[in-house]
Amino acid sequence: MSDETAISVDVDGTPISAVASRPADAAGTIVVAHGAGAGMDHPFMSGFTRAMHDEGFATLRFNFPYREAKRRFPDRPPVAIATWRAVMDAASARAANAGSPDEPIWASGKSFGGRMASMAVADGMPAAGLVYLGYPLHPPGRPEKARDEHLPGISVPMLFLQGRNDPFAVPNAQLDEVVARIGPSATLEWIDDANHSFEVKGARRPAAEIAAGLAPRVAAFLRAQA
C-alpha cells in the first residue's frame with residue numbers, strides 16, 4: 001500500500017482536502033477526481049489511486065468544494081474547473097519539489113470528476129492527457145442530452161474506460177461515434193457486462209478491488225504515451 005499524505009489545496013481562498021502519494025522514480029502523476037455522489041475517500045477512489053501508486057505513478061485525489069462543505073449538489077462548472085486548475089498546479093509543484101519539474105501530469109476522474117477535467121482542459125488547463133473512469137455521456141435514458149460538445153476540440157491523449165452496461169453510455173454506439181469523431185488522440189476500452197461503477201452482475205467484489213483492477217489498463221496507456 002502507498003504512503004499517503006493528507007494535504008490542503010487553496011481554491012480561490014477556499015481550502016479543500018486532498019491525499020497525495022509518490023513512489024520512488026515516479027513515471028508521472030495522475031490526479032483523480034471523484035464522481036458526483038461520493039468524495040475522495042470512497043473505496044473506489046482510494047483503491048484506484050493506491051493501485052496506480054503500485055504501478056509506479058504519483059497520485060493525488062481531492063474533494064471538490066461542495067463535498068468539502070458537505071453539500072449534496074455538485075459544484076457548477078466554473079467552480080469545478082477552478083478547482084481542477086488549482087489541484088493540477090499543486091500536483092505540478094509537488095513533482096517539481098521532488099526533482100521532476102518536467103514530469104507528465106495526467107487528469108482523471110470518475111464520472112462527473114472526469115467530465116469536469118475534460119471541460120477544464122478544453123478551457124485551456126494544461127495536462128499530459130485525460131483518463132475517464134466511466135464518462136457520463138448523457139443522463140441515464142436520455143441519449144439526446146449528450147455532453148460531448150467540447151470533446152472533439154481536445155487534442156491531448158484520452159483514455160475512455162467504460163462499462164457496456166453503463167446507463168450513462170447506452171447505446172454504446174453513441175460513445176463509439178464520439179470517440180471516432182475526436183480522432184486518433186482518443187482510445188476507448190469497453191469492459192463487458194460492467195455498469196457505471198464497473199460492477200459486473202453476479203461477480204460481487206469490493207469497490208476498492210474493482211477500481212484497482214482498472215489500474216493496469218490505465219498505467220499501460222500512460223506509459224505508452226511517454
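Trainee: Is Phe160 buried or exposed?

Mentor: This is a predicted model, in which local features need pLDDT of at least 70, side-chain atom pairs count only at pLDDT 80 or more, and totals for chains, interfaces and linings use all residues. Residues are numbered from 1 along each chain as its sequence is written, and side-chain values use heavy atoms, with hydrogens and water left out. Buried means under 20% relative accessible area, exposed over 50%, and partly exposed in between (1.4 Å probe, protein chains only). The relative accessible area of Phe160 is 0%, so Phe160 is buried.

Trainee: What kind of aromatic pair do Tyr135 and Phe160 form?

Mentor: Rings of Phe, Tyr and Trp (its six-membered ring) pair if their centres lie within 6.5 Å; planes under 30 degrees apart count as stacked, over 60 as edge-to-face and the rest as tilted. Here the centres are 5.9 Å apart and the planes stand at 70°, so the pair of Tyr135 and Phe160 is edge-to-face.

Trainee: How far apart in sequence are the parts that this pair ties together?

Mentor: Strands (E, at least two residues) are DSSP runs, numbered from the N terminus. Tyr135 lies in the loop between strand 6 and strand 7, whereas Phe160 lies in strand 7, so the parts tied together are apart in sequence by 25 residues.

Trainee: Which residues form one aromatic cluster with Trp84?

Mentor: Trp84 belongs to a cluster of aromatic residues.

How values were computed. Helices (H or I, at least four residues) and strands (E, at least two) are DSSP runs, numbered from the N terminus.
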